[in-house]
Amino acid sequence: MSGPGSAAAGALEMLAGRGQSLAVAESLTGGLVAGALTAVPGASRVVRGSVTAYATEVKREVLGVDGALLAARGAVDGEVARQMASGARRVLGADWGLATTGVAGPDPQDGHPVGTVFVAVQGLDGAGAVRRLSLAGDRDRIRQDTIRAVLALLLSELTENMRAQDTEQHGGNGCLQP
């Protein structure tokens, strides 16, 4: 599996080429996704900022995650991840938002075993995806694998979004036309 640096660089290059921006909301990764992104030279052209929403109240009060959802399901949830990504976009004024939430260990949380992680991407025109991950390893390994997964999901969504735009612009057949 390639490192987070190459995925971060690839995503930032795609976003810069489109003139689009990115914001991050992190829980279990505690700022590591933003760190991977901002380690790339020129990241300031794309990255608007990040919110490390480690506490449930921060998810609710800063990112706007539904309090009833948090009370019913806890913070380790796919819809919570989606709302965190949307909240990051809104709060930081970005075109795309990323989010991570889950259990890095050493103990289970909200009835979820260590390694249960949700990553989310929310973008333009309703584009977005949420993935549930079941990761193995120690705390550091789970966090590093989460960074790779959320960046891979972003690249996938950017590529899919580009294909959809191409199809719209070129007659719906998916082929480039002169």
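Me: In what order do the 5 strands form the open sheet?
Reply: This is a predicted model, where local features need pLDDT of at least 70, side-chain atom pairs count only at pLDDT 80 or more, and totals for chains, interfaces and linings use all residues. Residues are numbered from 1 along each chain as its sequence is written, and side-chain values use heavy atoms, with hydrogens and water left out. Strands are DSSP runs of E, at least two residues, and helices are runs of H or I, at least four, both numbered from the N terminus. The pairing is mixed, and the order is S2-S1-S3-S4-S5.

Me: Which are the edge strands?
Reply: Two strands pair if DSSP finds at least two bridges between them. An edge strand pairs on one side only. The edge strands are S2 (47–52) and S5 (128–134).

Me: Which residue in S2 does Ala25 stand opposite?
Reply: S1 (residues 22–26) and S2 run parallel, joined by 5 bridges. Ala25 stands opposite Val51.

Me: Which strands does helix H5 touch?
Reply: H5 (residues 78–92) packs on the sheet. Contact means heavy atoms within 4.5 Å. The strands touched are S1, S2, S3 (96–102), S4 (116–122) and S5.

Me: Why do the buried residues of H1 line one face of the helix?
Reply: Buried means under 20% relative accessible area, exposed over 50%, partly exposed in between (1.4 Å probe, protein chains only). In H1, Pro4, Ala7, Ala8, Ala11, Leu12 and Leu15 are buried. They line one face because, seen down the axis of H1, they fall within an arc (of directions from the helix axis to the C-beta atoms) of 125 degrees.

Me: Which exposed residues does the face of H1 turned away from its buried side carry?
Reply: H1 covers residues 4–18. Its face away from the buried side carries Glu13 and Gly17.

Technical notes:
Expected span 1.5 Å × (residues − 1). Axes fitted to C-alpha atoms, helices over the stretch in contact; angles between N-to-C directions.
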